[in-house]
Structure formats: C-alpha cells, structure tokens
Amino acid sequence: MGFLYTSLPLWLAIGGNLAAVALLALAARKQSFARLHDDTLQHLWLGMTVAIAVMWAMNAWLNDGPVMHLLGATLMVTLFDWSLALVSMAAICTLVAAVLGTPWDGVGLTFILFGAAPVFVSTLLQRAIAAWLPRNLLVFIFGHGFVTAALALGAACAGALGLQLMLAHGNTAVIPPSYGMAVGVLASAEAWFCGMLTALFAVYRPAWVTTYDVRRYRFNRSHVDRGPRA
C-alpha cells in the first residue's frame, strides 16, 4: 500500500516530503519523546515500531496495482497517543523504504496517506468515543480497537483511491475491479489485529496504554484505586 513504488510528478513528490516534515515538526512541538523516559514505554514503542515495519514489508500486490498491507496506526494511537504515533509511522515508512530499496520520492506522500491520515482519523474517533459513548472497558476495546481501526484504514484507502484517480486524470482503469473487496477484507483484518491487541493490553497491561484511564474505563468501582494513565 502507498506510493513507494509509484512514479510521482516532481511537484507532488516534493510537496509530499515537505508536508511530512511539517507534520513531524508539529508532533515534535508536543514534546512527544518526554514520555519515553519511562523505560517500559520506550521499549514498547521501539518494539511496536519495528514489528509494524515488518508487517508493512510483508505486503501483497493487487492485480499489479495497489500494494495492500495492514497499517497498525490505530494501535499506535491507542498505546501512545497521536504525537508519538505520528513519529512512529514516519519511522516505519522510512524503515520500509530503506529495507525494500524503493525510491525516496514517494516516502513523504506514503507517510501522509497511510501514516498521518489514519493517525488523525483514529485520534478524532477515539476522542469522540470517549466524549459521547458509555465509559466502560468493553466500549474502550471495541471502539478504540475494532471500529476505529477499520474506519481509519478505510479512510486511508479512500484517500489513496482519490489520488490514484487524480494521477490518472480520472481514468478508472487504474483501479483494479477487486479493490473494494480487498479493502473490505483488509479493514476486517486491521480491526481484528488492533482490536485483539488493544483488548490484551487493556486487560493485562493497562499501564502500557497511554490513552487508557482506569477511572473512566473499568469493570467495576474496585478498579478506581489503581490510579490513572494519562
């Protein structure tokens, strides 16, 4: 997935890389790395970044067209919040491009569409869930893990589809007939991947989940005294 293998116009390649740098500067202003002074959180962040980079590298071509793979952006937002997730997705795009030996002109655009876009979609959806839906653990797991992951991947794929059509001047022949079905299957896999890991972390290692607050999401009142995770 992404535009690592796509020949891009020079203006789009430069614009994508500049926009990627601007987004990383925005994340840096949040002083994201201050939270990584905690050794456990630091090791988890590095480990998840490498693991998702490996997952990105194991992709599949769709009829010699788009490259499909899981994103993992929603899980990174759930575990580390948006700023660290954004930095992690940039590192993932860079690692994958280096390992696969792809041209560098598409790295910035790939990061924007398949790293930054799902991060921001996930952040908005998770904040809406926290504000409007009942505050319990099942809602946290189902909303933050399953639903948000599927919708974030769908939004990224929709953005990629629109850009592909723009580059082809509206010629729909560049979109494989099975694209919609493949996105549906991939969204289901993304939901299960992020949802199951969110459930495991929230139940067994809630201190590892930055966006998890036991004062809001809990089985019962006996969990209140365990303290918050902000």
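This is a predicted model: local features need pLDDT of at least 70, side-chain atom pairs count only at pLDDT 80 or more; totals for chains, interfaces and linings use all residues.
Residues are numbered from 1 along each chain as its sequence is written, and side-chain values use heavy atoms, with hydrogens and water left out. Local features need pLDDT of at least 70 and side-chain atom pairs count only at pLDDT 80 or more, whereas totals for chains, interfaces and linings use all residues.

**Figure 1. Overview of the protein chain.** The secondary structure comprises six helices and two strands, in the order α-α-β-β-α-α-α-α from the N terminus. Helices (H or I, at least four residues) and strands (E, at least two) are DSSP runs, numbered from the N terminus. Of the 230 residues, 47% are buried; buried means under 20% relative accessible area, exposed over 50%, and partly exposed in between (1.4 Å probe, protein chains only).

**Figure 2. Surroundings of glutamine 126.** Glutamine 126 belongs to helix H4 (residues 107–132). With a relative accessibility of 5%, glutamine 126 is buried. Leaving aside residues up to four places away in sequence, glutamine 126 touches Thr74, Val77, Thr78, His144 and Thr148, where contact means heavy atoms within 4.5 Å.

Figure 3. Threonine 94 lies in helix H3 and is partly exposed, at 36% relative accessibility.

**Figure 4. Leucine 100 in helix H3.** Leucine 100 is found in helix H3 (residues 73–100). Its relative accessible area is 32%, so leucine 100 counts as partly exposed.
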